[in-house]
Amino acid sequence: MQPYNTTEPKKEQVRRMFDGIAPRYDLLNHVLSLGIDRGWRRRLVRTVRADGRTAVLDVATGTGDLALMIARRCPGTSVTGLDLSEGMLEVARRKAAATAGGDRIGFIAGEAEAMPFGDGCFDAVTAAFGVRNFHDIPAGLTEMARVLGEGGRVYILEFSTPHNRVFGAVYKWYFHRVLPFVGGLVSRDGSAYRYLPSSVEEFPAPEEFVRSMESAGFTGCRYWRLTNGVACLYTGTKAAAGNS
């Protein structure tokens, strides 16, 4: 699934889409999720903090919400945010400059499938609602494993599809009718908010995504359904050398 279905590569369409909606992205995220997305991020950050991670890479960082929350809630942790969109990173940098702990975050433009970092630079990699936008998900997961040191952990939040039939029907109506209408009206890019539900539906089922994580070099992979399965939190540990 591509945002605009043009002849451009997916990564260029995604870059253009997020550059365009960056100024209104935070407002729409919180309003359209009824604020629930903050709770999902807090769940991920509590796990990172409990694991004692200190050098964190936040992939597809967007406007930096997750990176900033990690910096605030995990004292002594350094955070690097990576994103394809310079428009989103401009917003992230402004937010970091005005937020406690923002001086421990650096934001860099780059692709998830070809990260500008050496091997084993981080002890944690996080991603919140960005993996489905990768133009090559297996390559992105493999890069996450590469930049982690041995025993490093990955934490991924991604949308999913609820299994409860009644809740799922209401969710589907909201996701396909209300969200694209309101999102398009406020952002002035209807295609971006029609792309969102389609990209979620095309994302692998949790069990399949866990297998992709394992193929990329992670062990002990698990997932938890959040808010009746609207989202999932995935975790895994980089396999020891020779055990991948």
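Reply: The crossing of helices α6 and α7 is right-handed, a label used when the near helix is turned clockwise from the far one by less than a right angle, anticlockwise being left-handed. This is a predicted model, in which local features need pLDDT of at least 70 and side-chain atom pairs count only at pLDDT 80 or more, while totals for chains, interfaces and linings use all residues. Residues are numbered from 1 along each chain as its sequence is written, and side-chain values use heavy atoms, leaving out hydrogens and water.

Helix α6 spans residues 165–187 and helix α7 residues 190–202; helices are DSSP runs (H or I, at least four residues), numbered from the N terminus. Their axes lie 6 Å apart and form an angle of about 150°. Here an axis is a line fitted to C-alpha atoms over the stretch in contact, and the angle, from 0 to 180 degrees, is taken between N-to-C directions. The two helices are therefore roughly antiparallel, the term for angles over 145 degrees.

Contact means heavy atoms within 4.5 Å. On the α6 side, the contacting residues are K172, F175, H176, L179, P180, G183, G184 and S187. Facing them in α7 are G190, Y193, R194, L196, P197, V200 and E201. By class, this contact comprises 7 nonpolar, 5 polar and 3 charged residues. Ala, Val, Leu, Ile, Met, Phe, Trp, Tyr, Cys and Pro count as nonpolar, Asp, Glu, Lys and Arg as charged, and the others, Gly among them, as polar.

Elsewhere, E86 lies in helix α4 (residues 86–97).

Notes: Parallel < 35°, antiparallel > 145°, perpendicular 65-115°, else oblique.
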